[in-house]
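Biologist: Could you take a close look at the aromatic rings for me? I'd like to hear how they pair up and what sits around them.

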Amino acid sequence: MHKGKYLYRITCIYKAFDVNQVKKRRVLHVADDQPSTWDAFNDAVTEFLPFGVAPALLLLVTLVAGIYVASTPVKRPQADLQLWTFASNHHKSYKAALPAFVARSGITVDLQHVNPNAVTRKLRAAFRAGLKVPDLVEVENTRAGTFFRGPVDEIPFIDLKPYLLQTKNAQGQSLYDRMVNNRFALYSHKGRIYGLPHDVHPVMIAYRRDIIAAHRDRILAETGLDVGDASNLGAVLQTWEDFVNVGRVLTIPGQRYMFQLDDSVSSSFELLLYQRGGDFFDAAGRVTLNSEIALKTLLWLTPLTSGTPAERIADRAGGSRTSLYQHVAKGFILAYLCPDWLAGLTELYLQDVAGKMALMPLPYFPDDARRQRTTTGGGTMLGITIQPGRSPAQAWAVAQHIYFDLPSLKKQFQETRILPPLKDAWHGPDHAAYIGLDEPIAFWSGQPIGRMFADLADAIPQRHGSPFLQLAKGKAGAVVAAAAAYYRQHGREGFEAFVRTRLQQAAAEIELQMRRNPF
Amino acid sequence: MWHRVQSTYAAYLFVAPFVVTFAVFGLYPIIKSLLLSLYITAGPRAQVFVGFANFAFVLTDPDFYQAVRNTVVFALCNLCLQLPLALAVAVALNSRRLKGRNVLRFVFFSPYLMGLVFASILFTLIFAENFGLLNVTLDALLGTPQTQHILQRLIDLPLRWLVGLQPGETWRQVRWLGASTLVMPALVMLSLWLGTGFNMIYFLAALQAVNRDLYDAAQVDGANRWQQFVHVTLPGIKPVCVFVVILSTIGSLRVFELPWLLLRNSAGPDQAGLTIVMYLYQNGFIVGDLGYASAIGWFLAVGIFCFALIQVRLSGAMQQEA
């Protein structure tokens, strides 16, 4: 066959997609005196493909693409164990730490960074469908409890308590005793510990030292408190009353607020609730959202965010972290509740105010005999999944390495400012110096923030986990928002009764859902 | 012989991909969800048969009622604001006297091209307090009491009351996503911005299909523009209107991504942005109770079916009357 005819046939197939082109072509054929070739081709095609060339080509393309995709599966690294983490900073830290472990033990680990929202979804779906699940997985504290809803023997994580008790140091102290015990409650259920705490997350207040120091004379004149150069504000502002008084001096409605508190969700409320010794659930799993402590916390917090200009010292600053950074950088917000992880992010994203920021322990509530000066915010657990026919020993070895290995802890603190829950790391002279806890940090006006967090860490309040924690936080957030709306509209009149009723209602709604759980 | 085989089986071959896909991803999940709704599932594996208890609990669940209320309000706002607006824009852009109408058509349609996720993230910044574009613009337009013109003062007070601003607060402090009363207006605004142009395209196509001779005849009969619109345009585009109303209603009742992303993976203050699908998602994929989520899903499906049926019947009855 003539070479030009091949080309012509290809052109025909191409043109077959477009009816107008085909018509033009036919006219052209007449003009070129070559209509018979097209007609013959078209007839031949119609004979074997009654729906025409285009559907046949689409089918062909689909088949070729399908066969290609099926025959070239995505290659996953062949590893002995798989580890999922949802936090990018954790991922970075483990990526750096794992090669040393692989070299030492010969156990290979496939580390995967999974979207935080996808972790629980993918994990639950994989468990349900009986698919392969990671050997180790990090779960955010609020979501952790949802895995503990079923019967104990169907919870997909191993009980870590025996491992924590059996793993001992040279002095014979168990790992369980060397960690912050208050942290285990969050990941425990019916006497078993399903998660290794990644962190302690003590909370301080981060503040714009430069702006507060610039108003030293006014603060002294109006409150009698001398903040000096504001580098040690924690020693001057010991109670929340002091803090609020200074806040009233520095707040300019609509232009500057002393503090960031969110009155649309539960985030700020829960940190202050924990500080006062309250919680959403007690050790027995009963709802305590309607406690007197919760009521007192809301009665104190709401006027600060939603009161008259004379009462108000706080703003929600847009309600997101990105927005908070912007508000702090512009001097619209002077101080905010800052867990250790947020201190790390602040250093990363607020470089404009490097050297102008400082940290102070939380002031205590005047009616709190314990004089509690910290709380805890956030948290992550590492769970080891139950794998039929496999010993969790290798996974436990990985967990120990990434959570307790000194070079890993050092890297973690330097990159994220997250304090490890292993108490040796704070007090052991070799450990603390190695990790760099006592080093002054220029960003924080030369404060040794690692030491400051460590000094507070052992006093963090105990929090109790529950399969219904997420629900309780949502309900608490609704009460916080409703209280703020009420106070903005009615002020103090009937406020206490309103908050009490809403808290009781929220607790009743959580109990209603809990009663449905047959396990 | 080969030809006969072809004509007998070719049709089956071509419908097979859809049938198989539908059976696997449509029919099986429907049956499975019906079965699941009869169980309480807890944790990744455990499940207990409870009969119709999940359906009974839905009817007593205050959160479900709040989700229904929010969803219906959103759907009504969409229907009552978005569709008339889309029609008005389509009529305006259908005018032959309008210069640059193709550009304007693209301008109105372009938000839809942006995609829901990106638009939601963008609007979290636009709605942000103190430094967000919307509040900064409002502040520039309405100013502070000290700098206000008499006209600004006249509209300032009622507007401040409407958005819940306190004495001493500036227009920069409107809490679009932080106050339970403003979450729904913010959602509707975003939905208007996203969906008006999309619905406009349907109306535009329908308007272009209306026979021009009818307008000429109406003009000869002395009908003014409004009369032409009511008696020629609207009857001409009625089938498309019914289609758009049904599509919009179903889309609004299924709303999920918009509030979920705008309110940063939450139901917002006092659950003001909680929708039915969001509540289903929370129960099924966060709490892990797939049984209860399935029951909610069935309530939603039946609700949508009833809405669509009513709308079709009403439009059919109207057509018969016409």
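**Aromatic rings, up close**

Modeller: Let's start with a charge: the charged end of R276(A) sits over the ring of F365(A), 3.9 Å from the ring centre. Keep in mind that this is a predicted model. F365(A) also belongs to an aromatic cluster, along with W240(A), F243(A), F259(A) and W300(A). There's another charge over a ring, and here two chains are involved: the charged end of K330(A) sits over F131(B), 4.4 Å from the centre of that ring.

Now for the ring pairs. Over all chains, the count comes to 42 aromatic pairs. Take F147(A) and F157(A): their ring centres are 5.6 Å apart and their planes are at 70 degrees, so this pair is edge-to-face, the cut-off being over 60. Both residues lie in the loop between α7 (141-144) and α8 (161-166) of chain A, 10 residues apart. As for accessibility, F147(A) and F157(A) are both buried.

Over in chain B, have a look at F256(B) and Y281(B). The centres of these rings are 5.0 Å apart with the planes at 45 degrees, so the pair counts as tilted. This one links distant parts of the chain: F256(B) is in the loop between α10 (225-253) and α11 (257-262) of chain B, while Y281(B) is in helix α12 (residues 276-287), 25 residues apart. Buried means under 20% relative accessible area, so F256(B) counts as buried at 15%, and so does Y281(B) at 12%.

Technical notes
Residues are numbered from 1 along each chain as its sequence is written. Chains are lettered from A and ligands numbered from 1 in the order in which they are written. This is a predicted model: local features need pLDDT of at least 70, side-chain atom pairs count only at pLDDT 80 or more; totals for chains, interfaces and linings use all residues. Side-chain values use heavy atoms; hydrogens and water are left out. Rings of Phe, Tyr and Trp (its six-membered ring) pair if their centres lie within 6.5 Å; planes under 30 degrees apart count as stacked, over 60 as edge-to-face and the rest as tilted. Helices (H or I, at least four residues) and strands (E, at least two) are DSSP runs, numbered from the N terminus. Buried means under 20% relative accessible area, exposed over 50%, partly exposed in between (1.4 Å probe, protein chains only). A charge sits over a ring if NZ of Lys or CZ of Arg is within 6 Å of the ring centre and within 35 degrees of the ring normal.
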